[in-house]
Amino acid sequence: MCGISAVIGNENVVDTLYESIRNLEYRGYDSCGLSMIRDDRIEVRKNTGGVEEVNLKEHLTAMRGCIGIAHTRWATHGKVTAANAHPHLSFDNRFSIVHNGIINNFRCLREELQDGGVTFASETDTEVLVHLIAIAYAKLGDVEEAFLSAIRRLEGSYAAAMITSVDSSRIYAVKMGSPLVLGLNQGMNFIASDFNAFLPYTKTAMVMEDGEYAVVTVDQAKLCKAVDRSEVIRDPIHIEWDPERSRKGGYSHYMLKEIFDQPHTIKSALTIPNDDILQLAKSIQGAGTTYLMGVGTTYYVALAGQYFFSRLAGRYLPAVSSDEFNDLAVIGADDLLISISQSGETYDTNTGVRHARAQHAKTAGIVNVMGSSLSMMVDQVILQGSGPEICVVSTKAALAQMVILLLVALELGRLNGKIDTQTYETYHESITDFPPLVQKILNEISGFVRNLADRTAHYKNWMFLGRGVYYPIALEAALKMKEVTYLHAEGMPAGFLKHGTLAMVDDEMISLFFLPPPARKTLHEQTLAAVEEVKARNGPVIGFCFEDDLLAKKALDHWIELPVVAEPVPPFLELIVAQLFSYFSALKLGRSIDKPRNLAKSVTVG
Ligand code: F6R
């Protein structure tokens with residue numbers, strides 16, 4: 001989604017500003033631009049395309065100034081055109097603005113402004129704001145007051161940053177419903193949609209809350225409430241993320257790097273204080289219904305969690321997709337909502353949490369980005385510490401979330417007396433031994449996985465099938481495949497296939513099976529039965545199976561053989577290797593892996 005960045009310094013900041021929007025590229029966008037003040041005049045350069053491409057066309061880095069704002073736009077209102085790209089300029093050329101979010105009442109504001117004689121340069125909702133500010137300034141003669149009076153007319157969710165040639169020593173910013181953070185450094189301050197923008201320059205940050213605005217100079221950042229201008233005193237936070245972890249580090253794509261990062265992210269999940277895990281388990285134990293909620297990948301994480309809680313703790317926790325939560329969940333004061341999100345800024349998920357809070361339910365979150373809206377909104381937060389996830393498609397963050405849900409389910413199982421101490425300890429041991437094993441397996445298996453992906457990438461239609469917990473694993477793996485290859489990949493319970501979808505099977509529809517270890521006898525037999533159903537209709541069958549699975553190797557046309565690992569590790573291992581398979585399939589097809597078409601990293605609009 002759109003990325004905002006603003007920088008003010010003692011010297012020319014163009015390189016820093018340019019770098020900062022490059023650091024936001026991963027969010028997904030279709031156009032970009034910069035505004036800077038030079039000799040008391042605002043200069044705007046913008047166009048469609050990637051940051052480097054726009055730089056080649058518009059020479060962004062040739063701009064000059066000690067203050068500037070920049071933006072990457074993911075179109076919502078208005079097509080992908082240079083005119084609709086941000087920053088926008090007021091009719092009197094004195095104010096320039098970048099904005100993220102949606103101004104719901106922009107149509108009536110636009111009509112009002114047009115009736116007053118303002119000519120619009122774009123189709124965006126954003127442009128109304130910059131003209132409103134210019135008009136208010138003409139009346140009030142005070143920039144801060146003009147900024148606020150324009151903001152007070154907006155309905156919707158927004159984060160915005162503004163510069164003005166009337167006063168080139170301040171950047172103004174406001175947050176309502178869309179993320180905005182401040183980065184603080186000696187002689188240079190930042191405003192951005194997320195920490196990644198300024199992480200190479202400073203790790204000291206302040207998170208803005210809804211209804212606040214900021215006035216940022218070279219050496220100060222003042223935070224106030226928009227409603228009454230009262231000052232907010234907030235301690236800065238220290239970002240633990242290492243900027244090195246936001247770099248590709250020799251890998252050809254972030255997706256590959258993040259798949260290989262997973263031993264590290266599992267370890268980080270395992271170092272979450274056990275008190276936090278226990279506290280969440282106790283909250284579930286004491287709650288009426290506990291819902292697990294996420295959307296896209298995090299919905300599939302929630303679904304996997306549902307299986308962990310049923311099997312290990314004897315508790316059924318409904319998993320609900322965030323976008324359906326308000327229509328479906330019956331939630332009240334006794335209930336608990338556990339939300340799962342990498343970014344903590346997903347509109348659908350945060351809307352679900354607000355709904356639960358309005359019903360006085362308790363809320364918890366498993367979140368990767370510290371300081372994100374979700375992490376601040378919930379009663380209890382578990383920060384997963386997976387580090388920055390740059391590829392648009394989620395891999396390492398999702399896996400860490402599944403591990404955390406497993407740990408909570410184990411803790412609840414122990415509290416409930418559903419599992420004995422020995423099982424608890426054995427499971428803990430095998431998950432603790434998992435990270436070095438992942439490293440080894442990934443290194444050993446990559447060549448084989450690539451080879452198989454090369455040989456199967458020509459299939460246009462895919463079925464991803466599994467039973468039990470392997471069903472959400474199949475769903476998540478299918479989503480990865482769709483996202484990075486653009487192929488049709490349908491995830492489904494293997495047992496569901498014969499109830500309709502089997503009609504689609506022929507020699508052009510390939511099925512990928514997620515087989516459990518043979519030790520899970522019933523589940524294994526049931527999954528193999530589905531393999532036979534597909535084979536009987538001439539459908540090609542490939543799959544993930546374990547070394548000791550002779551039956552699977554007889555039944556499948558091709559398989560990826562995994563070393564025998566103890567429960568509860570097998571489904572995690574299959575997911576990691578399936579991520580790798582999608583990656584290599586997309587590589588073969590020449591797709592834009594880290595930024596697949598039409599997708600954005602954090603979906604902050606509804
Ligand atoms: C898929 C993917 C998305 C996100 C979803 C929720 O690879 O990344 O489906 O999982 O948009 O995002 P977060 O986790 O940031 O709330």
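Here are some notes on this predicted model, going from the domains down to single residues.

1. **Domains.** The chain splits into domain 1 (3-239), domain 2 (250-432) and domain 3 (442-594). For the pair formed by domain 2 and domain 3, the C-alpha centres are 25 Å apart. Contacts between these two involve 28 residues of domain 2 and 28 residues of domain 3. Together they bury about 2700 Å², and carbon and sulfur atoms supply 74% of that area.

2. **The six-stranded sheet.** Take the open, antiparallel sheet with the order β5-β6-β7-β8-β12-β13. Its edges are β5 (88-89) and β13 (221-225); each has a single partner strand, so one side of each has no neighbour in the sheet. Inside the sheet, β6 (residues 95-103) and β7 (residues 156-164) run antiparallel to each other and share nine bridges. If you want a spot to check by eye, serine 96 has isoleucine 163 of β7 as its bridge partner.

3. **Helices on that sheet.** Helix α4 (residues 126-140) lies across β5, β6 and β7, at about 135° to β6. Helix α5 (residues 143-151) lies across β6, β7, β8 (167-176), β12 (212-216) and β13, and its angle to β8 is about 25°.

4. Glutamate 144 is part of helix α5. Is glutamate 144 buried or exposed? Its relative accessible area is 11%, under the 20% cut-off, so glutamate 144 counts as buried. Setting aside residues up to four places away in sequence, glutamate 144 touches Tyr172, Tyr213, Val215, Lys222 and Arg229. Arginine 229 is partly exposed, at 33% relative accessible area. Have a look at its backbone too: phi of arginine 229 is near 65°, a positive value in a residue other than glycine.

5. **The five-stranded sheet.** Another open sheet has the order β21-β20-β22-β23-β24, this time with parallel pairing. Here β21 (488-493) and β24 are the edge strands, each with a single partner, so one side of each is left without a neighbour in the sheet. Ignoring direction, neighbouring strands of this sheet are turned by 20° against each other on average. Strands β22 (residues 509-514) and β23 (residues 541-546) pair in parallel over four bridges, and phenylalanine 513 stands opposite glycine 543 in β23.

6. Helix α17 (residues 521-535) lies across β22 and β23, running at about 170° to β22. Helix α19 (residues 570-589) lies across β20 (461-466), β22, β23 and β24, at about 135° to β23.

7. **Histidine 558.** This residue lies in strand β24 (residues 558-562). How does histidine 558 count in terms of accessibility? At 31% relative accessibility it falls between the 20% and 50% cut-offs, so histidine 558 is partly exposed. Apart from neighbours within four places in sequence, histidine 558 is in contact with Leu452, Arg455, Val541, Ile542 and Gly543. Its C-alpha atom is 16 Å from that of leucine 580, which is 22 residues away along the chain.

8. Most residues other than glycine have a negative phi, and most peptide bonds are trans. A cis bond joins histidine 86 and proline 87, with omega about 0°; proline 87 is in the loop between β4 (67-73) and β5. The bond from glutamate 567 to proline 568 is also cis, with omega near 10°, and proline 568 belongs to the loop between β24 and α19. Asparagine 598, in the segment after α19, has a positive phi near 65°. Asparagine 598 is exposed, with a relative accessible area of 66%.

Key
Residues are numbered from 1 along each chain as its sequence is written. This is a predicted model: local features need pLDDT of at least 70, side-chain atom pairs count only at pLDDT 80 or more; totals for chains, interfaces and linings use all residues. Side-chain values use heavy atoms; hydrogens and water are left out. Helices (H or I, at least four residues) and strands (E, at least two) are DSSP runs, numbered from the N terminus. Buried means under 20% relative accessible area, exposed over 50%, partly exposed in between (1.4 Å probe, protein chains only). Contact means heavy atoms within 4.5 Å. Two strands pair if DSSP finds at least two bridges between them. Axes are lines fitted to C-alpha atoms, for helices over the stretch in contact, and angles run from 0 to 180 degrees between N-to-C directions. Domain bounds come from an automatic or database domain assignment. Buried area is the accessible area (1.4 Å probe) that two parts lose on being put together, summed over both.
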